[in-house]
Amino acid sequence: MITKPKGCNDLYGIDAKIWKYVDLVIDSVMEKYNYNYIRTPIFESSELYHRGIGDSTDIVTKETYDFKDRGDRQMTLRPEGTAGVVRSFIENKMYGDNLPVKVYYNGTMYRYERPQAGRERELTQFGMEILGSDDPISDSEIIAAAYNLYKILGIQDITLEINSLGDKESRDNYRKALVDYFKPHISELCDDCKERINKNPLRILDCKLDCEKDIFKNAPKIIDYLNEDSKKRFDKVLEYLDLLEVEYEINPSIVRGLDYYDHTVFEIKIDNDKCLNLAIGGGGRYNSLVHQLGGPDTPSIGFASGLDRVVLALKDLDVYLPIKKYLDCFILYVNEEEKKHAMFLAQQLRISGFTCDTEYTGRSLKAQFRHADRLKSKFLIILNSDDLNNGEVKIKNNETKEEELIGFDYVVFYLDEHLPDDSGFDYRNYDGIPYDNKNECNCEGHCSHNCNKH
Ligand code: HAM
């Protein structure tokens with residue numbers, strides 16, 4: 001049997017439904033915040049990631065999928081979305097009078113990591129970027145949008161950890177302090193960190209091998225090296241977050257694993273024992289990246305969230321989602337004549353907006369009833385040649401088991417009158433419980449939603 005590559009997943013069944021729902025909420029929230037969808041290629045020239053993310057980062061040195069195409073060009077499957085968005089911003093000359101450019105993306109990324117639950121080699125990230133604003137209003141908007149999105153999805157217990165890496169002067173001073181601190185301990189460091197100390201000392205701080213050692217815990221913190229301007233900027237971001245009622249913790253250890261960051265950096269985790277202790281999202285400001293990749297000076301900030309982790313969390317936390325788990329109607333038939341009516345009626349109903357299915361494998365009528373139950377069909381339409389000759393069909397409410405004969409042409413109106421209206425989804429009115437299911441919430445009166453048990 002040929003199996004899927006390690007660290008990759010097939011998406012189907014209920015997970016696929018949850019995923020599509022998450023996509024829907026993302027699109028809906030992004031529309032309200034006025035971010036435009038952007039799609040960039042899944043592979044780009046390797047140079048983009050070397051120059052963008054940084055030659056000495058773990059992502060570039062250990063995790064990229066690199067290959068030569070048939071024209072001998074060195075390519076890399078994208079390990080993240082920001083570098084591609086910046087490349088596109090420059091190449092398509094999106095700069096000019098229209099700044100800031102606010103975009104979001106949602107697609108697969110590739111990192112050759114050691115797979116485990118929530119750590120995939122093919123992962124999906126949703127991300128948003130504001131290019132062309134240095135004002136702390138953009139930092140707070142990105143962070144608040146991420147925070148609100150998780151809450152709207154029903155992930156309530158989240159911890160937002162924030163830090164500042166300051167401007168270049170602050171980081172230069174900090175780098176020097178780190179080298180002075182680690183040099184006397186060089187023999188205690190892993191081989192990678194021995195190299196990092198000269199090339200890129202900040203990267204020592206995200207070493208996965210050494211991070212539990214005491215020398216790491218006592219290392220100098222960037223926050224103590226911020227100059228006056230950087231400190232003031234960070235305070236402003238925090239002031240705006242307070243205004244937007246976004247709760248945060250300052251974590252001076254956050255440096256992030258990509259080289260392009262300055263000033264604000266942040267990570268979001270789920271604060272619940274049922275969930276993996278992994279970040280569901282992270283981001284920060286990258287004021288030099290656009291210039292570094294050949295564009296004009298364009299201060300920018302962004303965020304990305306791993307959707308594999310979001311979907312896992314929604315399942316682990318048992319969040320009630322407004323996913324339609326039933327079918328509006330199933331059409332049963334036995335002979336060829338009835339089958340043609342079934343096909344025609346199914347098409348009419350689907351075009352009118354109902355979910356509808358019918359029989360495809362020649363099952364007996366009894367087996368079709370069982371199949372309709374498995375599909376959780378609310379109504380059954382049972383076709384029979386005698387009824388059809390009279391222009392009628394039998395319709396059965398599969399919950400109450402009540403049956404009646406109605407006109408063939410009346411089925412659409414009948415279902416319209418008898419089915420709950422749950423078409424369309426507007427997150428502004430969404431409290432986590434679908435309207436016709438408020439009695440089904442599993443809570444004992446303590447859920448964060450407004451279900452009928454409160
Ligand atoms: P990142 O922290 O590398 O940042 O990734 C963002 C999120 O992607 C993580 O918080 C995590 O949820 C998810 N993620 C990362 N690696 C994996 C994996 N192997 N399996 C599953 N999920 C994963 C970035 O990628 C930046 N581009 C974020 C950004 C946007 N900064 C500015 N703009």
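## What counts as a cavity

On a 1 Å grid over the protein atoms alone, a cavity is a set of points where a 1.4 Å probe fits but cannot get out, and its lining residues have an atom within 4 Å of a point. This is a predicted model, where local features need pLDDT of at least 70 and side-chain atom pairs count only at pLDDT 80 or more, while totals for chains, interfaces and linings use all residues. Numbering runs from 1 along each chain as its sequence is written, and side-chain values use heavy atoms, with hydrogens and water left out.

## The cavity

The structure holds one cavity of 30 Å³ or more. The largest cavity comes in at about 80 Å³, a volume being the space filled by probe spheres set on the points.

Who lines it? Ile-270, Cys-275, Leu-276, Leu-278, Ile-280, Arg-309, Leu-312, Ala-313 and Asp-316 do. Helix α11 (residues 307–316) gives the largest share of that lining, four residues; helices here are DSSP runs (H or I, at least four residues), numbered from the N terminus. By type, the lining splits into seven nonpolar, no polar and two charged (Ala, Val, Leu, Ile, Met, Phe, Trp, Tyr, Cys and Pro count as nonpolar, Asp, Glu, Lys and Arg as charged, the others as polar).

## Where α1 meets α5

Over at the other site, Tyr-21, Val-22, Val-25, Ile-26 and Val-29 in α1 touch Leu-149, Ile-152 and Leu-153 in α5, contact meaning heavy atoms within 4.5 Å. The residues of this α1–α5 contact are eight nonpolar, with no polar and no charged.

Key: Helix = DSSP H or I, 4+ residues; strand = E, 2+ residues; numbered from the N terminus. 1 Å grid on protein atoms, 1.4 Å probe; cavity = no way out; pocket = protein on both sides within 12 Å on 5 of 7 lines; lining within 4 Å.
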